[in-house]
Amino acid sequence: MGPLKGFKIIEMAGIGPGPFCGMILADLGAEIIRVDRASAAGTGSREEPANRGKKSIAVDLKSEDGVEVVLKLVESADAIFEGFRPGVMERLGLGPDVCQKRNEKLVFGRMTGWGQTGPLANAAGHDINYIALSGALAAMGRDDSPPVPPLNLIGDFGGGGMLLALGIVAALLETQNSGKGQVIDAAMTDGSSLLMTMMYSMHQSGFWNLERQTNLLDGAAHFYDTYECKDGKYVSIGSIEPQFYALLCEKAELSIDDFGDQMKRDTWQNKKQLIKDVFLTKTREEWCDLMEGSDVCFAPVLDMSEAPMHPHNIARQTFIEIEGVTQPAPAPRFDRTQNEITLPPAIAGEHSKDILESIGIDSNEYDRLISCISLATLGSKGVVAALSK
């Protein structure tokens, strides 16, 4: 029922941001067919939420027949996306020019760390390298430590997978008008730079310093940080606006003599030490009883075992369980075309037979192609098991 119902999108199997992009599109209702390599047949786990909602066909991309299977899928697809280094799809015989000859309306999404062009385009890298180049990494961390890697959220997922998903949806909308496809060059250096727009703006206006932990939102301000509690757990405070700061002072019993002049930066460090001592006087639960749900701008710092159990997340069904696996629910939400997860995470090659039949491969041709489809690599018992899906 999702808003992308009716769209067919081919995902060239990869790691991290690629599967995440495919998951978002599947959650939104698109039919996602993941093309796995023959060597991966039978691998995978039901405990990989990034592969939920997809079908999988496993193909020998080094064979002409295998490449032809993918091109046949492309003929009836709306989009295809990949996360390989520049030139890999071309060497496989599946570059944009070849695919769009089969389907001129095809949207071809390409996601890399450095982009399709530029002096670093063909170099290896990971999230931490891409966000380092964009200026994001240097801005994060305490003043007495090196820059802190923010997991791989900014490059891989925010500036990579999420941005590519948006690009694909935008290109699909444009295709409705033009009748033509196009190629999307989604680079994590570009995406993570884009996520830093507000900070770049603040720096240009003189309101953001290049030194870490000297700014409003980087842990310098005593009213925008995390604090340890009596029980060793943490809470977060974001009392930026004056009225919210006043309420923080009231509920935490902070004296106006010590905590006046909220925005006077040269007092922040002293206030930070004073407020640390205050939060150590109560447990996290006691602070929640005092502040949670108020306009202090407060929340407990929950770990991944605690977050799904929080009453707000339970009420909104922010987390769901599929076949015993707890995972984040699809987002955003739609009041008419509601998101629906139709399939559990796919095992590589699990839907090969069904997918081949859907593109008009008859039984005789299927028997011939089975040598280039990875089911053959599973052994006879594996073939029987996979074909019974």
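How many nonpolar, polar and charged residues does the lining of the second largest pocket have by class? Before answering, I note that this is a predicted model, in which local features need pLDDT of at least 70, side-chain atom pairs count only at pLDDT 80 or more, and totals for chains, interfaces and linings use all residues. Residues are numbered from 1 along each chain as its sequence is written, and side-chain values use heavy atoms, with hydrogens and water left out.

**Pockets.** I take a pocket as an open set of points on a 1 Å grid over the protein atoms alone, where a 1.4 Å probe fits, with protein on both sides within 12 Å along at least five of seven lines; its lining residues have an atom within 4 Å of a point. The lining in question has 16 nonpolar, seven polar and five charged residues, where Ala, Val, Leu, Ile, Met, Phe, Trp, Tyr, Cys and Pro count as nonpolar, Asp, Glu, Lys and Arg as charged, and the others, Gly among them, as polar. I read about 710 Å³ for the space in this second largest pocket, a volume being the space filled by probe spheres set on the points, which are joined across faces, edges and corners. Of its 28 lining residues, Gly 16, Phe 20, Met 23, Ala 50 and Phe 157 lie nearest the centre. Helix H6 gives the most to this lining, with four residues; helices (H or I, at least four residues) and strands (E, at least two) are DSSP runs numbered from the N terminus.

For the largest pocket I noted a volume of about 1,000 Å³. Met 140, Pro 149, Pro 150, Leu 151 and Leu 153 are the closest to its centre among 34 lining residues. Strand E11 supplies the largest share of that lining, four residues.

**Cysteines.** I counted zero disulfides, taking a disulfide as a pair of cysteine sulfur atoms within 2.5 Å. Cys 288 is in none, the nearest cysteine sulfur, that of Cys 229, being 7.7 Å away. Cys 288 counts as buried because its relative accessibility is 15%, and Cys 99 counts as buried at 0%.

How values were computed. Buried < 20%, exposed > 50% of the residue type's maximum accessible area, 1.4 Å probe, protein only.
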